[in-house]
Amino acid sequence: MVHPLAKWGAYFSFSGFLTSMSEKKAKKMLKEVPLDRILIETDAPDALPRVDCSALMWVPGDACAPGEASDSNCMNNVPSQALNHPANIKSVLAYVSSMLGVEEKVVASAAYENAKKLFDYPGSKIRA
């Protein structure tokens, strides 16, 4: 359904939830979406990316966040209730880029331009 929807102007946004899927499924899904239709988001405070803990920003005061001495495999011990931080958009960007085999700056630029186009409407403070 991606191609007809993209032709009609639909955008497809990917969050940290994507990292909880199998890499095969995530890659297949991402490869279907044209770069000029991709958006990235965090879904904060939900959808904490399931990546190396050292790459994540944790919400201050979140009792579910791992301690400072956590290792790179700590996601196995992080409860699903752990809060996601908006700064983790960098982890989503890194994951999307790696699945597409495209440099992060290319995906970041495309997602930024797509967001500007999507949110450019009369009365918006964002102008494409």
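Lys116 is buried, at 17% relative accessible area; buried means under 20%, exposed over 50%, and partly exposed in between (1.4 Å probe, protein chains only). This is a predicted model: local features need pLDDT of at least 70, side-chain atom pairs count only at pLDDT 80 or more, and totals for chains, interfaces and linings use all residues. Residues are numbered from 1 along each chain as its sequence is written, and side-chain values use heavy atoms, without hydrogens and water.

Lys116 pairs with Glu113 in a salt bridge, that is, a side-chain nitrogen of Lys or Arg within 4 Å of a carboxyl oxygen of Asp or Glu. Glu113 is partly exposed, at 34% relative accessibility. Helices are DSSP runs (H or I, at least four residues), numbered from the N terminus. The count is two salt bridges.

| Salt bridge | Closest N and O atoms |
|---|---|
| Glu113 and Lys116 | 3.4 Å |
| Lys105 and Glu103 | 3.8 Å |

Lys105 and Glu103 are both exposed.

Arg37 makes another kind of contact. Its charged end sits over the ring of Tyr11, 4.1 Å from the ring centre. The rule asks for NZ of Lys or CZ of Arg within 6 Å of the ring centre and within 35 degrees of the ring normal.

Ile126 lies in the segment after helix H4 (104–118). Ile126 is partly exposed, with 39% relative accessible area. Leu118, Phe119, Tyr121 and Ile126 form a nonpolar surface patch with about 370 Å² of accessible area together. Patch residues have over 30% relative accessible area and no salt bridge; like charges are joined within 9 Å, nonpolar side chains (Val, Leu, Ile, Met, Phe, Trp, Tyr) within 5 Å. Areas come from the Shrake-Rupley method with a 1.4 Å probe; for residues, only the protein chains shown count as cover.

Technical notes:
Helix = DSSP H or I, 4+ residues; strand = E, 2+ residues; numbered from the N terminus.
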